[in-house]
Structure formats: C-alpha cells, structure tokens
Amino acid sequence: MFSRILRPRTVQNASELFRAFSSTAQNQARVAVLGASGGIGQPLALLLKNNRNVSELALYDILNTPGVAADLSHCSTRARVAAYNGPDQLADCLKGCEVVVIPAGVPRKPGMTRDDLFNTNASIVRDLAQACAQNCPKAIICIIANPVNSTVPIASEVYKKVGVYDPKRIFGVTTLDIVRANTFIAEAKGLDVEQVNCPVIGGHAGATIIPIISQCSPPVSFPQEEREKLTVRIQNAGTEVVEAKAGTGSATLSMAFAGARFANSVLEALNGVEGVVECAYVKSDETEASYFSTPILLGKTGLEKNLGLGKLVEYEANLVKAAMGELKGSIQKGEDFIHKN
Ligand SMILES: NC(=O)C1=CN([C@@H]2O[C@H](COP(=O)(O)OP(=O)(O)OC[C@H]3O[C@@H](n4cnc5c(N)ncnc54)[C@H](O)[C@@H]3O)[C@@H](O)[C@H]2O)C=CC1
Ligand SMILES: O=C([O-])CC(=O)C(=O)O
C-alpha cells in the first residue's frame with residue numbers, strides 16, 4: 001500500500017523512482033510511449049516496464065516497435081508489453097490508456113536551438129495529440145518532444161479543436177532540468193543528491209529555464225558570481241550533452257530517467273497518493289505567459305493545484321522577466337501552427 005505523503009513544494013528524489021517496483025500498486029495503468037524505439041523511448045520503456053504502477057505498456061513508433069517490445073517482454077516484471085507499429089496501429093495503442101508519454105520527434109545536433117526542431121516536430125506532436133484526443137481523451141499527456149515551449153500549446157490547441165481540452169491533463173516534461181539542478185547543486189555543495197530538491201520554473205529552452213536556487217531544499221547559498229555560473233550551466237546542460245554527443249543526438253538516458261520519474265509521479269497521484277509535487281510546463285495564470293512551469297500538486301485527474309512561483313530573490317525575478325519575450329513567442333508560434341494548419 002502507498003503510505004508516503006510528500007510535502008507540497010517538494011519533488012521526489014532519485015531512489016523513489018524505483019520505489020513503485022517494490023511496492024504494491026492499488027490500481028495499475030495502461031501507459032503508452034509514443035516514439036518508443038528512439039534514444040529516449042527505449043530506456044524510458046525499460047524503466048516503465050520495471051514500474052509496478054504499470055499493468056500494460058503500449059509501445060508505439062513508426063518503426064522497430066516489434067523488436068523493442070519482444071526484447072522488453074522477456075524482463076521478469078509484471079507489466080505486459082505490446083507493440084504498435086505505424087499510424088494504422090496508433091488508435092489501438094491509445095485505447096484504454098491512462099497515461100501517454102511522448103518522446104517522438106527529432107533531436108538537436110550541435111549548433112541548433114530547440115526551436116530549430118519546430119518544423120519537423122510540430123506536425124509529429126500535432127498528429128499524435130490528435131490521436132490521443134480521439135482515442136484516450138481523459139489520459140494524462142506528458143510531452144517530452146521539443147521544443148516543449150511550443151509543443152505543449154500545439155497539443156492544447158489540437159485538444160480544443162477536437163472538443164476535449166482539459167488543461168489539467170496536458171503536461172510539458174521539464175523534469176530533466178530539476179534533475180540536473182539537483183545534481184549540480186549536490187556536486188557543488190558535497191550533498192547527498194537524493195536529498196536535494198531545487199525547483200526549476202519557466203520553460204524548457206535556454207533563458208526560459210529558471211532554477212530557483214533560493215527555494216532549494218536543503219537551503220544552499222552561493223556568492224552571486226557562482227550562482228550565475230550554476231544557473232547558466234543548468235540552462236545550457238542540454239547543449240552540453242548535444243556537444244558531447246557530437247552529432248549523434250541529445251540527452252537520452254538522463255531524459256529517460258527524468259521522464260520515468262515524472263510518469264511515476266503522475267501514476268502515484270492517479271492512485272490516490274497525496275502530496276505528489278513535480279515542476280511541469282502547463283497552462284498557467286501565474287505570469288503573463290499563458291504556459292509556464294511551476295511546482296504542481298498532482299492528483300487523481302492530473303493537475304490538482306498550481307503551487308505558483310513562490311518567493312523569488314531579485315536575481316530570479318529578473319530571470320523570469322527576461323524569459324517572457326521568448327516564452328510568449330514560442331507559445332504564439334505553437335498556437336499559430338495549429339490555427340493555420
Ligand atoms: N523535454 C526534455 O527535457 C527533452 C526532450 N528531448 C526531445 O525528445 C525528442 C526525442 O529525442 P530522442 O529520443 O533522442 O530522438 P530519437 O531520434 O532517438 O527518437 C525519436 C523517435 O521518434 C520516432 N518518431 C518519429 N516520428 C514519429 C511519429 N510520427 N510517431 C511516432 N514516433 C515517431 C522515431 O522513429 C524515433 O524512434 C526530441 O525532440 C528531443 O529534442 C530530448 C531530451 C530532453
Ligand atoms: O538539449 C536538447 O536538445 C534536449 C533537451 O531538451 C535537453 O537535454 O534538455
């Protein structure tokens with residue numbers, strides 16, 4: 001039985017990612033991964049296969065899902081695995097799903113911004129969101145595909161068109177930014193990374209990634225120059241990986257880790273666990289940008305309560321101000337794409 005109560009404004013630590021595997025889930029869910037054969041999709045599917053909150057794992061991609069599913073299905077965990085290959089099988093994949101995770105789309109190469117992926121990924125997310133809206137309108141949708149600042153508005157506009165929009169059920173996954181902030185802060189301060197919890201708000205691209213180090217738990221402090229360096233490192237961490245991978249892709253393993261953590265938090269909240277909090281990019285009234293990531297209390301129908309920005313120090317408040325232009329532009333671009341296509 002679940003008994004853990006998370007304090008609001010906290011996020012889960014790393015060891016909790018695997019906790020569901022050793023606990024007894026009350027309700028198990030059918031979970032789909034769209035883009036399951038990819039660099040993120042495969043390790044994410046492995047982590048979800050290992051999660052006791054998952055009864056059925058529906059793997060969809062435009063290629064190679066039979067092989068991925070056959071391989072995964074031999075793991076001696078309870079989740080049943082099924083492969084769905086190509087658009088003709090997408091509807092069957094989605095029927096009955098309570099949670100859908102979407103890492104489908106092309107990754108960056110060195111020199112590209114996340115926004116440079118828009119031309120390819122916007123239509124991928126549009127088509128997948130439409131299938132979700134038609135086949136599992138009540139499912140919680142977790143969007144990993146970049147540019148997240150635009151793909152979440154894209155999915156939302158598609159749901160509006162289909163007539164099933166519920167902003168409490170559509171999330172942009174920014175968990176990797178929190179995972180990175182926790183890791184870098186723990187390294188800098190010699191802390192146990194599993195005890196560190198630093199909210200990251202805003203969006204998921206460059207200057208829109210805003211670590212709120214002043215709200216870190218346990219409290220940490222840095223001289224201003226060091227705080228700025230740490231902030232910039234968190235903002236550029238995706239690029240750090242893109243450059244290290246030298247043209248072969250972007251973060252996959254750490255993203256699978258982060259995506260599995262977010263999906264597990266959603267599943268636990270669906271199961272009635274109270275006090276589950278994650279930062280995520282959602283429809284929001286917290287700032288002048290109509291989508292914004294803040295700590296979110298998750299519940300049985302997705303977003304239960306937006307916990308807001310909390311108290312910011314001047315440096316952080318200025319980062320929020322500086323992010324507004326880019327964030328609003330990316331949101332508008334996503335919405336326009338659906339209105340014009
Ligand atoms: N939100 C975040 O923090 C992060 C987001 N990403 C983003 O995740 C996305 C995926 O990255 P990777 O897995 O590394 O790429 P990848 O290229 O290794 O895998 C993408 C998969 O999507 C599949 N795909 C393409 N079109 C599809 C469609 N219409 N329907 C279903 N599947 C389709 C491909 O066949 C491929 O298997 C990229 O857009 C990347 O920028 C990556 C890291 C972090
Ligand atoms: O940097 C990228 O393109 C992939 C990503 O979103 C991340 O690693 O944060």
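The UniProt record, in an unreviewed entry, assigns residues 174-337 to "domain: Lactate/malate dehydrogenase C-terminal". In the structure shown here, which is a predicted model, that stretch is 48% helix and 17% strand. Its end C-alpha atoms lie 22 Å apart.

A separate division of the protein gives two domains. Domain 1 covers residues 12-174, while domain 2 is made of two pieces, 175-260 and 272-331. Taken over C-alpha atoms, the centres of the two domains are separated by 21 Å.

Where the two domains meet, 35 residues of domain 1 are in contact with 39 residues of domain 2. On the domain 1 side, the elements that each give two or more residues are α2 (41-49), α6 (148-162) and β6 (170-172). Helix α6 provides the largest share, with 6 residues. By class, this side of domain 1 holds 20 nonpolar, 9 polar and 6 charged residues.

The crossing of α6 past α11 is right-handed. From α6, the contact draws on Asn149, Ser150, Thr151, Pro153, Ile154, Glu157 and Val158. Facing them, α11 brings Leu327, Ser330, Ile331, Lys333, Gly334, Glu335, Phe337 and Ile338. Sorted by class, the residues of this helix pair comprise 7 nonpolar, 5 polar and 3 charged.

Note on methods. Residues are numbered from 1 along each chain as its sequence is written. Chains are lettered from A and ligands numbered from 1 in the order in which they are written. This is a predicted model: local features need pLDDT of at least 70, side-chain atom pairs count only at pLDDT 80 or more; totals for chains, interfaces and linings use all residues. UniProt positions are given in the numbering used here, feature names are shortened, and annotations may be inferred rather than shown by experiment. Helices (H or I, at least four residues) and strands (E, at least two) are DSSP runs, numbered from the N terminus. Domain bounds come from an automatic or database domain assignment. Two residues are in contact if their C-beta atoms, placed from the backbone, lie within 7 Å. Ala, Val, Leu, Ile, Met, Phe, Trp, Tyr, Cys and Pro count as nonpolar, Asp, Glu, Lys and Arg as charged, and the others, Gly among them, as polar. A crossing is left-handed if the near helix is turned anticlockwise from the far one by less than a right angle, and right-handed if clockwise.
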